[in-house]
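Please load the model in a viewer and keep a selection panel open. The stops below are meant to be followed in order.

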Amino acid sequence: MKGVMETNGPGTTVGVNVSLSGTLKDQNDISVFGMVEGEVISEKSVTIGQTAQVKGPVKGELVTIAGVVRGSITAGEKLELLETGKVFGSINTKNLVIHSGAILVGKTEMPTGEDSEVEPEVDGEGEPTEDASEPADETLTPDEE
Amino acid sequence: MYYYILEPPTSRAVRQTYQKLRDLLTNLGIAGEMVAASPARTPEELTMMGLERGYGTVVAVGGDAFVNNIAQAIIGQAVLGVIPIGEADQISEIIGTNNMRTAAEFLKFRRLSTFNTTIGEPETLIFLDAVITPPKLAKVNLVIDGKLRGYAYFNKLTITRNAEIKIESSHLVEQKKILGLFTSGGTTVKSESLLHGKSIRLVTDPELALMIGRQPIAKTPLQLRFHPNSLKVITKRGSIL
């Protein structure tokens, strides 16, 4: 069952011995070391610890992944995938750091802010030029599961 | 004028402290009606008597659990003053002193702070941290704000006045068996969680007591509701907390 928890408290920490189902939403930092099935949304930072398993989308300004995420990740400012991190889902961020050993299976989208400003050059006489602004779809490591 | 309610004295030393307090309050010019709780006259009954007589400030003289009792009886009806005596670490931190004289001076200056509280339905007030400590690792089922559900294993569960649930656990994993009889080694896994909401339901099996200090104030299952800015307390500095 999906639900919403939205508070103004000091942040949320989901420990190793905790399992939650629903939308975990906090205006402050969220740290997950246990299991969450549902959305994890913060207006600040989200940390997915090494022991954590998240099944659902993750959204935050600063997102750090050391555990397992099965779902899309949106980081407004920066996403860091640590060496123990495993992501099975798409990523959308302006600033991406992937450490050696991390696993990422999914699409990566990095908005540059230039997409709407740069129009593709069209040369009526020659061959059409290659559009360099197209977002890269890449699979960095094979799905091991 | 203030209405003072004294916790039943646990020793001769405390009785002597109460006598000193009377003198101190008189010297500060804030002496008022002073009543002592006893098995025959509970803190709640004494508080109701004070409120019926029109007192706008009730001063609890005692430890954490006693202060929480008085707070429960006056919330929404009067201002809480405190003279911490005995096991009063939490309330001392809140008002800004554990010294009787300094606390009495705070009463004279009457600077008010407003605090959040959490109500354990139907009528348990959580102003000071309340704790559940089961004899062994226990499971609690949680429902937060009616929809977010889950469970946790814990050795200690603390509920704060801000409707925060602190869940702590520590247990051994990967123990080795010797001759199939004895266990040794293993790794201790510690876990700390902090969850919060406006409405929280906690269920354990079996029922467990919720304590402030050594006094049980409620037992599971608990339905908690957050009450922002609901209790006015005389402290060192007036503020909205």
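Leaving aside its neighbours within four places in sequence, with which residues is B:Val58 in contact? Select B:Val58 together with B:Tyr3, B:Ile5, B:Thr47, B:Gly50, B:Ile70, B:Ile74, B:Ala78, B:Leu80 and B:Gly81, which are its contacts once those neighbours are set aside. Two residues are in contact if their C-beta atoms, placed from the backbone, lie within 7 Å.

Before continuing, note that this is a predicted model, in which local features need pLDDT of at least 70, side-chain atom pairs count only at pLDDT 80 or more, and totals for chains, interfaces and linings use all residues. Residues are numbered from 1 along each chain as its sequence is written, while chains are lettered from A and ligands numbered from 1 in the order in which they are written.

A residue is buried if 20 or more other C-beta atoms lie within 10 Å of its own, exposed if 12 or fewer, and partly exposed in between, with C-beta atoms placed from the backbone.

**Two helix pairs**

Select helix α2 (residues 43-52) of chain B with α3(B): their axes come within 9 Å and cross at roughly 45°. That makes α2(B) oblique to α3(B). (Angles under 35 degrees count as roughly parallel, over 145 as roughly antiparallel, 65 to 115 as roughly perpendicular and the rest as oblique.) Axes are lines fitted to C-alpha atoms, for helices over the stretch in contact, and angles run from 0 to 180 degrees between N-to-C directions. Helices (H or I, at least four residues) and strands (E, at least two) are DSSP runs, numbered from the N terminus. On the α2(B) side, B:Pro43, B:Glu44, B:Thr47, B:Met48 and B:Leu51 meet B:Phe66, B:Asn69, B:Ile70, B:Ala73 and B:Ile74 of α3(B).

Move on to helices α1 (residues 12-28) and α5 (residues 100-109) of chain B, which pack at an angle of about 35° with axes 10 Å apart. B:Leu21, B:Leu24, B:Leu25 and B:Leu28 of α1(B) make this contact with B:Met100, B:Arg101, B:Ala104, B:Glu105 and B:Lys108 of α5(B).

**Backbone details**

Most residues other than glycine have a negative phi, and most peptide bonds are trans. Select B:Arg110, in the loop between α5 and β5 of chain B: its phi is positive, near 55°, and the residue is partly exposed, with 14 other C-beta atoms within 10 Å. B:Ala163 likewise has a positive phi, near 55°, but counts as buried, with 26 C-beta neighbours inside 10 Å.

Which peptide bonds are cis? One joins B:Glu121 and B:Pro122, with omega about 10°; another runs from B:Asp205 to B:Pro206, with omega near 10°. B:Pro122 is in the loop between β5 (111-120) and β6 (124-126) of chain B.

**The chain contact**

Finally, show both chains: their contact takes 20 residues from chain A and 22 residues from chain B. On the chain A side, β3(A) supplies the largest share, four residues.
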